[in-house]
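Take a moment with the picture below.

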Amino acid sequence: MSALLQILIGAGLQGALYALGAIGLSLSFGVLRIMNLSHGDFLMLGGLVGYLAFVHLGLNPFVAAALVGGCLFLAGIAYHELLLTRLAGRSPRGVLIASVMVTLGSALAIEDLTAFFWGGSSIGIPYRLRSLVWGDAVFPLLRVLLLVATLVLTTGLYFFLGKSFLGRAVVASTLNREGALVVGINIRRIALFTFGFGIALTGATGVFYATLFSIEPYMGLGLTLKYLAVIVVGGIGSLPGALVGGLVIATAESVTAYYLGPHWSPMVAFAILVAALLVRPQGLLGRA
Amino acid sequence: MSRPYRALLTALLLLAAATPWIGSRYHVSFMFFLCMHLALTATYDIVGGYMGYVNLGHGAFFGLGAYVYGIGVRGGVHPLIALGLAALVAGLVARLIAVPVFRLRGVYFAIGTFGILKLLEVLAVNLGDVTGGTPGLSIPPTPSTLPTFYLMLGAAVAAVALNAGVAGSRLGLGLVSLREDEEVAEASGIDTRRLKANVFTLSALVPGLVGGIYMWQLTYINPPTAFGFEQSFAPVIMAMLGGTGTLAGPLVGTIFLTLIEEVLWSRLGYLQLAMYGAVLVFVGLVMPGGLMRSRFFSRAYRALALPDHYGYRAGAGGAR
Amino acid sequence: MLEVKGLEALYGAIRVLWGVSLRIEEGEIIALLGGNGAGKSTTIKSISGIVRPAAGEIRFLGERIDRLPPHQIVEAGLIQMPEGRQIWGDLTVRDNLELGAFSARARPERARSLAWVHSLFPVLAERARMRAKSLSGGQQQMLAIARGLMSRPRLLMLDEPSLGLAPQVVDEVFETLIRINEEGISILLVEQNVEFALRIADRAYVMENGRIVREGASDALRASDEIRAAYLGL
């Protein structure tokens, strides 16, 4: 019993981490209709910068995450301006194909260049806190703090999107683009801001990733695919959907690892992605 | 196709066929891989270019073919029969997954096929008893490289011929109309479901064969090689660089990129992936229609009276 | 107030507008008529900036607006109520209205605009907290118009406001438009419902195949046998 509980709680923590990383992808596809395949690579870069901050500046992961978030926000906006804004004038199908090309190409380039300059080995941030023990279950404090941070961020984002004027403009742009245009919403600026924010969030997640696990240069594309699974399951464009999706994937992975062995768990996310695309592409909480 | 170009292509083909006698081992090896890329790219383009469905999982057929050949030979099957099996299994798998996978459109299709590719890779790792798992699968080596060289050359010719054959036929017309507007194509009486499934299966046969030939020659396969970048993304990028949905596009793109990759490999040893990535970004931003449709070169094409690509004169076919 | 000269627009490679010219004086109600595919919607969208004109000049209150992005045109006070309403079905009525006052010019007046809009359309006040998609067709139309009013228009362009509405509701809509006009807002009305449009408009333009083929005072057009014959069958 306690083993199962431990698994579920672990899945909860993992799911929150997935959700945090996936939110940016969901927003960027929802608002901009751009499928950013290089999303996972920004997580990797964030983790890298976080590692450097830890090693050279002595910043703990939480502070580093904030710093990385700021840097990657700017990087995300620059990336969008340089590469993606040019695509805006094309037909819907043209934008889709071109954004796949550009973001996929960027992903490959980022991964290979990082490996070239950094070396192909994986790195991790050696930051450890003690563990909390409660009955039979063991909770690493670090993970708990991360869960709290994730929940705080997600709730904050949820309220921002729901209550603030700017937030509601973002949501409105996702729901009906033409409606947003006729009320005077500057879609281009909103798109830029949303994209940058999504990248920032992913980068911050990368720092946590580097602390909990490790990062290596070529992890990006596989990770993007996993995040796609998260948002497809939960519903593209839905914030609570990202949480639900993250939870579903993490639980499925944990359960698979427990009953079938850990080498099967990488497959789970891909299998769920394919299945979800076929059965219910709009996800559990999303609109079509 | 006009006479001088037919003559040129025949001459090139004869030259390629003569490589084992007039070139070094290095040249033979280069031509082998060039033909492999060409075969994969030309068959990818049937589905990706003429039909407009970006199949990021095209390499799966290659991987399946390689493994089937390896398993077959280890099981005592004659190499030629094993090759046939490789192609057959690839085609069968394509036929099986065609129905569910074509329920997806656009970017979802691309992601879905990519997901299937990754899925197969993990399966290959985990079904170690059959596939040899992460360490991979080995078979005894062959004494001579000649048969595989000509087989690969043949596969490349077959792929290009298939591509050209589809392009010029009613089948090709159906594909292009499907790409441009699927609903309209359906309304015009085209059985899109059958068309998609058949063409998909057709495009899988040669890659399966190529996978088998690869395995015959290199005698070793492992999951990242079978289902990796080289076999899945590289053909896509080559087709996109050259111009999807055109006759010459896959040819031009393959030759161009294989040459660059070879130069990078021999000079630097790194950054091929980055090169491919940069090419893809460049094409996506500046030339989504590929080299064959670029306005920059169009005057040169007209001057050379290059054969008209199948598709539009007015603009892009694969990506608009 | 609004001057359009030689407007041309493309959808991809296809030309849909061929040198459209029209003008609206302050305080007028102008109707833009024509059958399906005549180019009325495209004209409106080109003015509001959603579609980029290929050629031509558009001046609003003396300033050129034809190359501006939509949000700047909204700031100037040129508001469009788009075809098919394009309201946010999943958001509440109140949210829809508040978003209408997004522009910098309209935002400080939000409370006042809301009160005004509620007085014009009491049903929107009643259903403020309900999801917009739960409203009836006519009510959604009111919502769309009200949202446009929240943007504090000087000129309001409406694209087919009577589409899909019962005749009684259409009456109400048009009465409201007259009231709005009396408050000083100029109106450009795109309509297939020629009868009603000509009843409230001062002048009208008739479009066909991307061109203006007739223009004149609405009384004159209504009396014209030609128009009656052409559009009675619509």
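Which residue in S5(C) stands opposite C:Arg59? The residue is C:Arg64. Before going on, note how to read this predicted model: local features need pLDDT of at least 70, side-chain atom pairs count only at pLDDT 80 or more, and totals for chains, interfaces and linings use all residues. Residues are numbered from 1 along each chain as its sequence is written, while chains are lettered from A and ligands numbered from 1 in the order in which they are written.

Stay with chain C and its sheet. Strands here are DSSP runs of E with at least two residues, helices are runs of H or I with at least four residues, and both are numbered from the N terminus. Four strands form an open sheet in the order S2-S1-S4-S5 (chain C), and the pairing is antiparallel. Two strands pair if DSSP finds at least two bridges between them. The edges are S2 (14–24) and S5 (63–64) of chain C, each of which pairs on one side only.

Now look at the pairs. S1 (residues 2–11) and S4 (residues 55–60) of chain C run antiparallel and are joined by five bridges. In S4(C), C:Ile58 is the bridge partner of C:Val4. C:Glu57, also in S4(C), is the bridge partner of C:Lys5. In a regular strand the side chains alternate between the two faces of the sheet. S4(C) also pairs with S5(C), antiparallel again, over two bridges. The hairpin of these two strands, S4(C) and S5(C), has two residues between the strands, and C:Leu61 there takes a positive phi near 50°.

Next, find helix H6 (residues 137–150) of chain C. Its 14 residues reach 20 Å from the first C-alpha to the last, close to the 20 Å expected at 1.5 Å a residue. The expected span is 1.5 Å times one less than the number of residues. Is H6(C) largely enclosed or open? It is largely enclosed by the rest of the structure, because 11 of its 14 residues are buried. A residue is buried if 20 or more other C-beta atoms lie within 10 Å of its own, exposed if 12 or fewer, and partly exposed in between, with C-beta atoms placed from the backbone. Among the buried residues of H6(C) are C:Met142, C:Leu143, C:Ile145 and C:Arg147. The buried residues pack against several elements of chain C, including strand S6 (78–81), helix H4 (110–120) and helix H7 (167–182). After H6(C) comes C:Arg152, with a positive phi near 55°.

Chain C also touches chain A. The contact takes 19 residues from chain C and 13 residues from chain A. Two residues are in contact if their C-beta atoms, placed from the backbone, lie within 7 Å. On the chain C side, H2 (70–76) and H3 (93–100) of chain C each give two or more residues. H2(C) gives the most, with four residues. By class, this side has eight nonpolar, seven polar and four charged residues. Ala, Val, Leu, Ile, Met, Phe, Trp, Tyr, Cys and Pro count as nonpolar, Asp, Glu, Lys and Arg as charged, and the others, Gly among them, as polar.

Turn to where chain A meets chain B. Here 36 residues of chain A and 35 residues of chain B take part. Helices H4 (92–118), H9 (220–234) and H11 (265–279) of chain A each give two or more residues to the chain A side. H4(A) gives the most, with 18 residues. This side has 26 nonpolar, six polar and four charged residues.

End with chain B. Its secondary structure comes to 16 helices and two strands. Of its 320 residues, 51% count as buried. The average pLDDT, the predictor's confidence in each residue from 0 to 100, is 84 in chain B. Over residues 309–320 of chain B, pLDDT stays under 50. Where pLDDT is low, the predicted coordinates should not be read in detail.
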